[in-house]
Every structure is written in C-alpha cells, then in structure tokens.
Amino acid sequence: MAGSITSDRAPTVEGQRAGPLIVTEDAELLDDLLRLCAAAGAHPEVYHSVPERGSSWDAAPLVLVGDDAAARCRGATRRRDVLLVGRDQDDPGVWRRAVEIGADCVLRLPDAESWLVDRIADVVEGAGRQALTVGVIGGRGGAGASTLACALAVTAAREGRRTMLVDGDPLGGGLDVLLGGEQTEGLRWPDLAASKGRVASGALEESLPSLCGLRVLSWDRGDAVAITPEAMRSVLAAARRRGGVVVVDLPRRVDEATAEALAQLDLGLLVVPAELRAVAGAKRVASVVGMVLRDLRVVVRGPYAAGVDEQWIADVLGLPLAGELPLEPGLMAALDAGAPPGDSARGPLGRFCAAFLERASAEEGAS
C-alpha cells in the first residue's frame, strides 16, 4: 500500500526541490515526521514499505525510514541520505538495523527534532552558496544609508542576481516607500516579528513584496513593533540560504536585534558625509558596530568640507575605504518621480554599486 501525502501547512514554492520519502506504518511516528516536514516547508511522499525499484526510493533527495519499517527495507538499493528514525532511546538493536539498510545515521525523537527539521529544509531548499550579505549603516542621521542600500539591491537585481532587501530600521519610514511600493501586497516585519526556529527560505521569499525585480522586507504604516533577536536571526538566515545578494539597511542604534543582524553580515558599509561633525559621529557608530562586525568599511559622501578627503576620513575612523559615493544630480527629483535609487545603470550611483558588487563578489569567491 502506498500513497502520497502533502501537508497543507507546507506551501509549494515554484522551483523547490522534491521533498523527502517517508517509509513507516507507525501512525504516531508518521504524524511527527509530517509535522517536521511541514516546519521545514517540505512535501513528503509516504509509503508503508519500500517503493518499487527505480521509483521514489532512488529519486528522493532524503529517505526517512521508521524503525518499524527497517526490516521491510533490507533489500532496498543501497544509497546515501537514508536516516533511520524512531523513539526508543534504549533499543540496543537499532544500530544493527541501521547497518542492514545502509542508513547514514540513527535519530531518536523528540531529541533530534531540531536537527531533522534543518536537514529536511536543507534538502528542500538546496545547499548552495549562501547569499553575499551586505549591511549599510549611516555615520549620522541623513547620511544616505537607506538610499545606498536600495541602490545596491536595485543594481544587484538588474544584474540578474536573486536579491532581497531587508529594512532593519523600524524608525526609517520604510524602504518600500523609497521604492514606491508601500501599497504592494506581501508580508512586512510585524507579520514576522514572532518568528523563531527555522523559517523556510522559499516560502519567505514568495511571501514578500516584489519591487524593482527584488524582494523587500520592510515595515507597515502601523505602530512600531519590536523585533526579537530570534526573529532577526531566523529571517536573515532564511534570506541568506536562498543565495544571491541580501542587503540590510541598519539603524545607528545597536540593540539586540541589530547585533544579531550584524552577526550575519559578510561585510558592512558605513556611510559618512565628508564633514567633521559627521566623522565624529561615525567614529562612535564604528566603535559599537565593530564589536560585532569584523569587516566594516567606510563609504564617503561629498560635498567635502575644507581640508577633508576620503582617505583622511578612512584613516581617522581606522577603517578600510570602500569608495567615494559620488554626487548624483537630479537624484531627489528622480525619487519624487518614482524612480528608485540606482535605477540608472549609467548614473554615478548605479556605477558605484555595480563596481562595489563586482569587487565584493570576487572577494567572496576567493574566500
């Protein structure tokens, strides 16, 4: 007897890999495994015994064999990614049965539930290279960090990269507004504020507003909602697993959630206007951010005060210089007209972002 069972708690995501194969007649164990598959965003197939040779047993990316079904799986084709799953913590014969079916390991529930959810999710989502994750933070208020974050994301999307823009600043007014998509349907941070554990990355991506060829996680127009460190960790980890580029716009005040975001970055960009007061403020920001993020670089934005240049500012801050953010005439008029930052590949901002992403991607590939 065989059948395909799909949980209504695990939405199908276009392009998602096939789910695991479950082999068991233990109804209680099956309920647990279906629950864990749903938590991982997976659609399993369920059989009471080994499917016919050349069918789902060979094709499934992961096989979960219930301890009750081990004897019925002895003659199955030997393959990788077979896990023997049960509940009896004191059964001395479990390792013998695992060897007989060629299982990679033995799992006991409920102790192994978290590990198994992660393993299933890795299979469903694929285990490719994680996204290049860049954080942008202002050295002072109005430094232009949000504009640069949007421009980086727009540029990455224009180059054909899978891109997600994450608004980490609840007091920033919303990056969806800057991109002209505040009315676009999709989840915002308040919908995800209580997230914990593993978030399915494909489901996250599909649930967010699509603007300018990228996915945007921003804020709604309601009252401010506190994001827990656990939610920030879960959401950013899911975003990174999809690969491509993730850009995070960060607040200057580093609370626990912001510290969690900083811990997941590959590198950070500190945007500093070329004036003495801004440099003084940026030095304080850098000292706090640098406690969490090792790779922090400075981006200097003109016009320049007398006697100040970009290298001097980088030296004062003790940070490597990522570049000079050039002035873009007509930027504010373009934004007012609905064009997103970095919309023009030939404009100064677009060229800066393209050059930065090329360098950062090369560094990532060499590491």
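**Group meeting talk: a walk through a predicted model**

Hi everyone, let's start with the open space: the largest pocket has a volume of about 480 Å³. A pocket here, on a 1 Å grid over the protein atoms alone, is an open set of points with protein on both sides within 12 Å along at least five of seven lines, and lining residues have an atom within 4 Å of a point. Volume is the space filled by probe spheres set on the points, with grid points joined across faces, edges and corners. The lining counts 26 residues, and D169, P170, L171, P251 and R252 are the ones nearest the pocket centre. Two or more lining residues come from each of helix 5 (145-158), strand 11 and helix 10 (256-263).

A quick word on ground rules. This is a predicted model, where local features need pLDDT of at least 70 and side-chain atom pairs count only at pLDDT 80 or more, while totals for chains, interfaces and linings use all residues. Residues are numbered from 1 along each chain as its sequence is written, and side-chain values use heavy atoms, with hydrogens and water left out.

Now the overall picture. The protein chain has 14 helices and 14 strands, taken as DSSP runs numbered from the N terminus (helices: H or I, at least four residues; strands: E, at least two). Its C-alpha trace spans about 80 × 40 × 40 Å along the principal axes. Of the 367 residues, 52% count as buried; that term means under 20% relative accessible area, with exposed over 50% and partly exposed in between (1.4 Å probe, protein chains only).

How many cavities of 30 Å³ or more does a search of the whole structure find? The search finds one. A cavity is a set of grid points where a 1.4 Å probe fits but cannot get out. The largest cavity has a volume of about 40 Å³, and among the residues lining it are R162, E205, A239 and R242. The elements giving two or more residues to that lining are strand 8 (163-167) and strand 11 (245-250).

Next, aromatics. Searching the whole structure turns up one aromatic pair. The ring centres of W189 and W219 are 6.0 Å apart and the planes lie at 35 degrees, so this pair is tilted. For the cut-offs: rings of Phe, Tyr and Trp (its six-membered ring) pair if their centres lie within 6.5 Å, and planes under 30 degrees apart are stacked, over 60 edge-to-face, the rest tilted. W189 sits in helix 7 (residues 189-192) and W219 in the loop between strand 10 (214-217) and helix 9 (229-241), so the pair ties together parts 30 residues apart in sequence. Both W189 and W219 are buried.

On to charges. The structure holds 24 salt bridges, each a side-chain nitrogen of Lys or Arg within 4 Å of a carboxyl oxygen of Asp or Glu. One of them joins R240 and D266 at 3.4 Å, N to O. This pair links distant parts of the chain, with R240 in helix 9 and D266 in the loop between helix 10 and strand 12 (267-273), 26 residues apart. R240 is buried, with a relative accessible area of 14%, while D266 is partly exposed at 30%. Another bridge joins R297 and D295 at 2.9 Å, N to O. R297 counts as buried at 14% relative accessibility, and D295 is partly exposed at 27%. There is also a network of salt bridges linking D26, D32, R35, R87 and E113.

Finally, the backbone. Most residues other than glycine have a negative phi, and most peptide bonds are trans. Which kind of peptide bond joins L109 and P110? That bond is cis, with omega about 5 degrees, and P110 is in the loop between strand 6 (105-108) and helix 4 (113-125). A cis bond also joins G302 and P303, with omega about 5 degrees; P303 is in the loop between strand 13 (296-301) and helix 12. As for phi, D81 has a positive value near 65 degrees and lies in the loop between strand 4 (63-66) and strand 5 (82-86). C212 also has a positive phi, about 55 degrees, although it is not a glycine. C212 is in the loop between strand 9 (210-211) and strand 10, and counts as partly exposed at 36% relative accessibility.
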